[in-house]
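Here are my notes for your first read-through. Keep the structure open and check each point as you go.

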Amino acid sequence: LIDSERDGTDILGLEIAWHCIRGGRIEEAVPYLLRGARQALQRGAPHSVELALCSANGVLAQPSDRTAATLLVCESLQEQGEWNRSLIALEEMEPGPDPNQVWLRHALLSAGNSALCRWEEAEVGEMVTEILGAIPNVSDPFTISALARAASGLVLATRHVALAAATLDTLVSFDAVMLKSAARQDWLTAQFRIGCLVREPGALEESSRSLSAEMALTRTRSSSAALLSMGRGGVCCSQGHYEEALTHFDAAIVIATELGNGSLLASAFANRALCYGKLGQYDQQVRSGLESLECDGGQPGNYRRFLAHYTVAIGQAMRGKRVEAINATLALGGVPFERAAQWVQQVRHLYLADCLWLTQKKRAAVRQALKGVTGPLSVPLATGFTGIHARWLARVRPEHDATRSHLFGLLDNIAGLDLFDRAEIALAARFVELEPEAARAFADQAQEALANLPPAVASFFSTLGILPEGRGTARSRAQRAHELRS
């Protein structure tokens, strides 16, 4: 096996380590054991890593080797979505003087706490700065990629666009070193996920396609591969390509199932449910939403739980199942949200408003919407949330000058938003516009966006009462006031 590896044959290090240990060549086995564990993580076998390293713990004589093995076990637990077990092991261990091990432990702690929403939103900027500042002080590429993953997790948890842009710029500055390393795939995936917040979909599509092809070639089946597939699905959604997005979410579900990672499964199912809703396949939407809730570990504050409940409620309402939709809406309202980020709390109110409106509880919907639009959008120009915020702002505060100013400001930056958001913003602007000519222009802009979206989207907007009955119709203040009172 060793000779074959020297000749260039792809041999798993864990196999060589196992034979070395059986042959009594313990010292020779250790490097193969640690390297083989890293290979197995990349190939999507975290359970094998956990079993091998825990079984071989007795043969690791050097403290640095034992620390390295413990850190790899913690990584394998995080690959499986076992965040609590990983954090317990990380908190109990004491890393040695090696800065690579110190910062790998720090990165894994940050990733675990981020996944469980155990952070203060006001401190995220400082946490990301500390993580990025450590990159020049470490030499191991896998530690550097772990730091990048931790930073991306924190950025995505808060959706702060300015923080995302600054983080991405910092990571790109280290590309010269990382793109030649064995950890390049994890590194590029972290960049891609952050880029989804600040880059236009067209710019992300080509790079993600080439990275996905590279992962297929190297048989990468890690959580990074699943996250890349979900990110590609999100890019397709932003362009209105929902059927193509489903293929990417399905690929993420397959990988997450192999890993046994419930968190990834819940996120993929929730996003798949959203796609089915846009395509008008409401039975499938409800089914995927329920599957997401079954896989979710129940961590409070996670956006995917709110999204899953929302998709179930919307799907039931659009199917005409009012009682089931009301029950799903009540379940959405009952999810604890105190530990959620500010943007998640804001979006939760707007999701509830949609669900209540579709179940004919319009007064309650307006009350929830008022909570959701009070103050500025906490994630300005964030894809997927700007539209719903604009839509409800136009409905509950149509006469406010600040509403019109906000909507017209969005229209100036509309090119960077996804297609669904563009339609919502244009419809919201038409909803508040008093001048017939301007109203017709906004209606035409909305129709242009809707023409590139599935017919079910127009049906959804019509059911919510935001889509005009006739193109370019402008309503009087009295008509709008009467609708709001009713």
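Is Arg391 buried or exposed? Arg391 counts as buried, at 3% relative accessibility. Keep in mind that this is a predicted model. The points below start from that residue.

1. **The partner of Arg391.** The side chain of Arg391 meets that of Glu424 in a salt bridge, 2.7 Å from N to O. Arg391 lies in helix H22 (residues 386-396) and Glu424 in helix H24, so the pair ties together parts that are 33 residues apart in sequence. Glu424 is buried as well, with a relative accessible area of 3%. Buried means under 20% here, so both residues of this pair fall within that class.

2. **A bridge between H6 and H4.** The structure holds 16 salt bridges. One of them joins Arg85 and Glu50, with the closest N and O atoms 2.7 Å apart. Arg85 lies in helix H6 (residues 83-92) and Glu50 in helix H4 (residues 46-55), so this bridge ties together parts that are 35 residues apart in sequence. The two ends are classed separately. Arg85 is partly exposed, at 40% relative accessibility. Glu50 is buried, with a relative accessible area of 16%.

3. **A bridge from a loop.** Arg221 and Glu258 form a salt bridge through their side chains, at 3.0 Å from N to O. Arg221 lies in the loop between helix H13 (201-217) and H14, while Glu258 lies in helix H15 (residues 242-259), so the bridge ties together parts that are 37 residues apart in sequence. Arg221 is partly exposed, at 29% relative accessibility. Glu258 is partly exposed too, with a relative accessible area of 40%.

4. **A network.** Look also at Arg38, Glu75, Arg149 and Asp186. Salt bridges link these residues in a network.

5. Helix H25 covers residues 436-451, which makes 16 residues. From first C-alpha to last, H25 reaches 22 Å, close to the 22 Å expected at 1.5 Å a residue. Its buried residues are Ala439, Phe442, Ala443, Ala446, Ala449 and Leu450. Why do these residues share a side of H25? They are on the same side because they cover an arc of only 120 degrees around the axis. Glu437, Glu448 and Ala451 are exposed on the other side of H25. What covers the buried residues of H25 includes helix H23 (401-412), helix H24 (419-432) and helix H26 (455-464).

6. **The cores.** The largest nonpolar core has 139 residues. Which members touch the most others? They are Tyr351, Trp392, Phe460 and Phe461. A second, separate core has 22 residues, including Ala17, Leu34, Ala56 and Ala68. Now return to Trp392. Leaving out residues up to four places away in sequence, Trp392 touches Leu350, Ala353, Asp354, Trp357, Ala365, Ala369 and Val373.

7. **Ala226.** Ala226 is found in helix H14 (residues 223-238). Ala226 is buried, with a relative accessible area of 1%. Beyond residues up to four places away in sequence, it touches Ala252, Ile255 and Leu264. Ala148 is 78 residues from Ala226 in sequence and 17 Å from it in space, C-alpha to C-alpha.

8. **Thr67.** Thr67 lies in helix H5 (residues 63-79). At 11% relative accessibility, Thr67 is buried. What does Thr67 touch, not counting residues up to four places away in sequence? The contacts are Met93, Glu94, Pro95 and Gln101.

Definitions and conventions. Residues numbered from 1 in each chain as written. Predicted model: local features only at pLDDT ≥ 70, side-chain atom pairs only at ≥ 80, totals over all residues. Heavy atoms only, no water. Core = buried A, V, L, I, M, F, W, Y, C linked by side-chain atoms within 4.5 Å. Buried < 20%, exposed > 50% of the residue type's maximum accessible area, 1.4 Å probe, protein only. Contact = heavy atoms within 4.5 Å. Helix = DSSP H or I, 4+ residues; strand = E, 2+ residues; numbered from the N terminus. Expected span 1.5 Å × (residues − 1). Arc of directions from axis to C-beta. Salt bridge = Lys/Arg side-chain N within 4 Å of Asp/Glu carboxyl O.
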